[in-house]
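Reader: I have the model open and would like to go through some of its labels with you. Could you explain how each one was reached?
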Amino acid sequence: MAVVKNGLMVLIFWLLAGVCPAEYAVFTRAAQESGSQLLSFVVGSVVQRIEVHFFKESEEGLCIVDEGNEAPRYGNLAAAMEAEKCTAGVNGGYFGADAARTPIGLVRHKGFTIAPFSKRGFTVSGIVYDTGRGICLERSTRLQTPLHSMQEAIQGGPFLVENGRAVSGLERTKKAARTFIATNGAGRWCIGITSPLTLAECAAWLAQPGCLGEFRVQAALNLDGGSSSSFWDKAAGVSRPGFKAVRNYVGVRPRRLSAPSGASAGKTPPAP
């Protein structure tokens, strides 16, 4: 499908017809690099890309997989997702530069807290969590849900889209691969990665109607990006490894495999 907006030819393609409850898809567009909005044709363009896995929260839930403080338990996204019987996954939240790659912000898995909740900084401005019944995405500063009710949770930031609109004031000069999680606000979600974009470009594209086909982004949260960005989809046979080791991953797996563990106060999850 071709869409002309502000004099710029934007090309959007999706590989599969429609958007199923769980589906891998790629969306691309040709972006004008000259900055001119007067041209109705593309000159010196690059192809921008978003790669996603769609799913319904009633059928699939989150699985936050942690590499641990010592030697990595899995070593890469693909190995972690296979071990946890996930259908798809991306890299997770931000982490420190120390040897243990200490997580920045809340990380919970199977009802255990791996890293504490934080409200400081844009890297933890949002929190996505799964209660075992459904998934929520909220501002960290507005969170009222008790942490012990979250089976899986991770903080990230900044918010890219809220209430269907691109968040204003995002960085506009540094291009990097982006990782995100998004919802249409009606029980459907997606995880994805992009080609190098600024945060502002990523937000504007995700907020654009038709960007992800029939999936209309209501809210989207940025996760750790750049060289950490990685994507894996089992059914599609797609594996996009990151360029550096990360601390954790955001996986998606069938609800039947995500029964609550009953743990809520523990600080360290059981060994895999």
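Author: Gladly! Let us begin with a cut-off: a residue is called buried when its relative accessible area is under 20%, exposed when it is over 50%, and partly exposed in between. Please keep in mind that this is a predicted model.

Reader: Then why is Glu51 called buried or exposed, whichever it is?
Author: Glu51 has a relative accessible area of 3%. Buried means under 20%, so Glu51 counts as buried.

Reader: And what makes Arg49 and Glu51 a salt bridge?
Author: Their side chains meet at 3.6 Å, N to O. The cut-off is a Lys or Arg nitrogen within 4 Å of a carboxyl oxygen of Asp or Glu, so the pair qualifies. Arg49 itself is partly exposed, at 29% relative accessibility. Arg49 and Glu51 also belong to a network of salt bridges with Arg240.

Reader: What makes Arg255 and Asp130 a pair of that kind?
Author: Their closest N and O atoms are 2.9 Å apart, and the limit is 4 Å, so this is a salt bridge too. Arg255 lies in the segment after S19 and Asp130 in strand S9, so the pair ties together parts that are 125 residues apart in sequence. Both Arg255 and Asp130 are buried.

Reader: How do you know that Cys63 is in no disulfide?
Author: The nearest cysteine sulfur, that of Cys86, is 4.2 Å away. A disulfide needs two cysteine sulfurs within 2.5 Å, so this pair is too far apart for a bond. By this rule the count is zero disulfides.

Reader: Why is helix H2 described as largely enclosed?
Author: Seven of its nine residues, in the range 199-207, are buried, so the rest of the structure largely encloses H2. Among the buried ones are Leu199, Trp205 and Leu206.

Reader: What makes Pro209 count as exposed?
Author: Pro209 has 54% relative accessibility, and the label calls for over 50%, so Pro209 is exposed. Pro209 lies in the loop between H2 and strand S16.

Reader: Last one: what makes S5 and S18 edge strands?
Author: The open sheet of five strands runs S5-S19-S6-S17-S18, with antiparallel pairing. S5 and S18 each have a single partner strand, so one side of each is left without a neighbour in the sheet.

Notes
Residues numbered from 1 in each chain as written. Predicted model: local features only at pLDDT ≥ 70, side-chain atom pairs only at ≥ 80, totals over all residues. Heavy atoms only, no water. Pairing = 2+ DSSP bridges. Helix = DSSP H or I, 4+ residues; strand = E, 2+ residues; numbered from the N terminus. Buried < 20%, exposed > 50% of the residue type's maximum accessible area, 1.4 Å probe, protein only.
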